[in-house]
Amino acid sequence: MTAAPDGGRRRRKRRGERTVVPDAEFTSYYGKPILNTPEWKPLDIGGYFFLGGLAGAGSLLAAGARLTGRPATARAMKVSSTVAIAASTAALIHDLGRPARFVNMLRVIKPTSPMSTGSWLLAAYGPLTGAAAVCDVAGVLPRAGDAATVGAALLGPAVATYTAVLAADTAVPAWHEGYRELPFVFAGSASAAAAGTALLAGPVRENRPTRYAALFGAGLEAVARRRMESRLGMIAEAYRTGLAGRLMRSAEVLTAAGALGGALLGGRGRPLAALSGAALVAGSACTRLGVFHAGKATMADPKYSVVPQRERLRARREAAAAVDQGRGSGPPAA
Amino acid sequence: MTHSHDAPGPARTATTPDTATATERVGFFTDTSVCIGCKACEVACKEWNAIPEDGMELTGMSYDNTQGLGASTWRHVAFIEQSKPLVERAEQQHQAEGEQEGADVFALAAQGSGSSELRWLMSSDVCKHCTHAACLDVCPTGSLFRTEFGTVVVQEDICNGCGYCVPACPYGVIEQRPHDGRAFKCTLCYDRLGEGQTPACAKACPTESIQFGPLEELRERAAARVEQLHRAGVPDARLYGHDPDDGVGGDGAFFLLLDEPEVYGLPPDPVVTTRDLPAMWKRAGAAALTLLGGLAAVFAAGEAIGGPSGPNGRRHLR
Ligand code: SF4
Ligand code: SF4
């Protein structure tokens with residue numbers, strides 16, 4: 001790449017009357033996307049993220065409640081995790097172009113594919129959480145049920161966070177460039193969703209840890225999101241504008257309201273606890289849908305690929321030039 | 001964007017060509033400086049591979065009505081209209097004419113070449129058959145595989161339509177076919193290679209803009225061609241995707257371009273996403289432990305501060 005770096009910018013305006021290019025200074029091919037967009041339906045994939053989080057963090061709450069003598073909450077969370085993981089699998093199958101070929105997901109074990117790793121993880125986690133719920137509800141095999149509860153709780157955190165890797169392991173700028181913080185956003189959001197469900201379904205007398213879990217989740221998500229957006233630079237725009245921006249703002253308000261409401265008022269009666277819980281669950285769903293749509297926005301607009309990559313090239317070139325100078329070989333010819 | 005882009009190391013996966021190649025690695029060198037935009041490659045590809053029709057739309061943006069690569073477009077000829085001289089000596093004359101920002105290209109064209117240097121860039125785009133191919137790395141079913149020729153091919157009967165390869169490709173090449181869901185892309189005419197034949201597009205190209213052959217040989221030929229163009233006063237000529245040290249370990253199908261890659265709709269610095277996969281798992285592991293620790297602490301705090309607040313009493317395992 002030897003041409004003057006601003007050549008492209010200069011030319012952009014001349015390219016033809018119908019060119020639709022956003023304001024940022026960059027060049028593109030008639031504003032056409034660089035990346036292709038998969039035929040992923042927002043509710044299926046956003047739902048898959050959300051339900052995985054709800055299930056995974058829910059298994060942790062179930063085990064915690066079981067171990068600290070909160071049987072009603074424990075049972076509710078075992079059931080909700082089972083329902084959530086079943087629904088998330090249904091969402092995935094629904095989204096496949098060829099549902100009949102779902103079995104091909106388990107055709108190979110491929111460490112380089114988070115979708116393969118994740119499918120195997122779910123294949124182990126699903127039966128465990130299902131067994132935990134069935135044993136509890138049916139009142140059979142208490143020992144096996146407890147073992148399954150603990151097993152599901154150990155896999156739960158992975159179930160809740162692997163979806164962040166699933167999203168980040170793509171060329172999608174809003175997801176890939178956020179790979180450091182996205183798992184923490186997902187972990188926080190998962191904790192908030194599970195705590196919300198526990199507030200909705202568990203009795204008030206058992207809900208103290210649940211209310212703390214809501215605070216923890218909301219705080220973790222808020223901090224991680226802030227960090228992610230500051231690191232993303234211009235890509236953060238995708239999380240702040242359009243549909244994704246509206247969803248992310250709603251998520252913020254709902255999650256904060258649910259967590260604070262739960263912490264302060266959730267011990268004072270069912271209606272308040274349930275209301276806070278519902279806000280938390282809705283907030284988590286908004287976060288996941290927001291992340292999905294932010295990714296979509298960065299697939300559709302070439303600027304999110306071109307501008308950061310240009311910046312990267314420039315930085316690399318400058319670093320190389322600095323090294324050259326350090327060696328005393330003089331500045332490179334312009 | 002602070003990660004180590006300075007030295008894009010290869011994504012160490014089990015699927016890079018060196019481990020799977022039995023025969024010599026082959027590829028395409030597309031020399032866009034001789035492309036005349038005839039689209040013979042697009043047609044030959046569609047015909048040979050029996051690719052379905054995917055819209056007969058007039059874009060109005062240029063002579064390019066194909067728009068981009070996709071499930072049913074495996075060769076795409078980009079068509080760019082610029083007010084920019086091709087050869088250096090025209091550059092000074094052009095500058096003397098002053099700024100031409102926002103010029104109406106049709107008006108310029110009407111004036112003829114005496115007063116303006118309108119140029120057309122044409123380039124036949126295709127799957128890059130990356131050395132480190134993200135599509136192949138992320139495919140959960142093993143449908144995408146590395147052939148004995150070092151190319152990347154999808155197996156229709158194994159693909160389950162998950163669509164994961166689509167956003168993984170940093171070039172926007174592979175795509176799901178609507179109403180089918182499965183992913184399709186250029187196979188570098190795998191069937192023809194097996195018979196010792198040249199891929200259909202290269203065979204059809206009347207100007208030898210698309211050159212097919214062993215990758216090493218193509219790289220040498222390309223370096224010589226750039227050199228030649230520079231000497232002829234075309235300083236903008238540059239190779240794209242030829243460098244084995246780039247973010248995807250070099251492309252099996254690489255290009256000679258006459259402008260920045262993004263002008264042609266190509267990413268200026270593509271990186272195989274799986275290069276960062278170990279770091280991603282590390283972060284996810286840390287997040288999972290944070291979740292585990294956080295929720296354990298929450299129960300510990302619940303016990304310490306109040307215990308179960310109702311009559312059901314304290315911890316007792318049934
Ligand atoms: S260009 Fe895209 S589709 Fe082609 S091999 Fe590379 S990653 Fe795969
Ligand atoms: S859509 Fe098909 S080829 Fe692409 S990743 Fe999924 S299974 Fe593999």
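How many salt bridges are counted between chain A and chain B? The count is five. The legends below belong to close-up views of a predicted model.

**Figure 1. Salt bridges and polar contacts between chain A and chain B.** One salt bridge joins the side chains of R310(A) and E260(B), with 2.7 Å from N to O. Five salt bridges are counted between chain A and chain B. Polar contact between chain A and chain B involves 32 residue pairs, with both residues at pLDDT 80 or more.

**Figure 2. The side of chain A that touches chain B.** Helices of chain A that each supply at least two residues to this side include α1 (7-12), α2 (42-67), α3 (71-95) and α4 (114-138). Also among them are α5 (142-168), α7 (182-201), α8 (208-232) and α12 (303-326). The most comes from α5(A), which gives nine residues. By residue class, this side of chain A holds 48 nonpolar, 19 polar and 26 charged residues.

**Figure 3. Extent of the contact between the two chains.** Chain A brings 93 residues to the contact, and chain B brings 113 residues. Between them, chain A and chain B bury about 9,000 Å². Carbon and sulfur atoms account for 58% of that buried area.

**Figure 4. The surroundings of ligand 2.** Around ligand 2 there are 13 residues. The closest are C139(B), C159(B), C162(B), G163(B) and C165(B). The shell around ligand 2 consists of eight nonpolar and five polar residues, with no charged residue.

**Figure 5. L260(A) and its contacts in chain A.** L260(A) is part of helix α10 of chain A, which covers residues 242-265. With neighbours within four places in sequence left aside, L260(A) is in contact with L215(A) and L265(A). A214(A) is 46 residues away from L260(A) in sequence, and the C-alpha atoms of these two residues are 8.3 Å apart in space.

**Figure 6. Confidence along chain B.** The average pLDDT of chain B is 85, and 79% of its residues score at least 70. Residues 1-21 of chain B have a pLDDT below 50, and this stretch has 46 contacts in the model beyond near neighbours in sequence. Residues 309-318 of chain B also have a pLDDT below 50. For the model, the scores are ipTM 0.90 and pTM 0.87.

Technical notes
Residues numbered from 1 in each chain as written. Chains lettered and ligands numbered in written order. Heavy atoms only, no water. pLDDT = per-residue confidence, 0-100. Contact = heavy atoms within 4.5 Å. Near = heavy atom within 4 Å. Nonpolar A, V, L, I, M, F, W, Y, C, P; charged D, E, K, R; others polar. Buried area = accessible area lost by both parts, 1.4 Å probe. Salt bridge = Lys/Arg side-chain N within 4 Å of Asp/Glu carboxyl O. Polar contact = N/O pair within 3.5 Å; in protein donor to acceptor, adjacent residues only side chain to side chain. Helix = DSSP H or I, 4+ residues; strand = E, 2+ residues; numbered from the N terminus.
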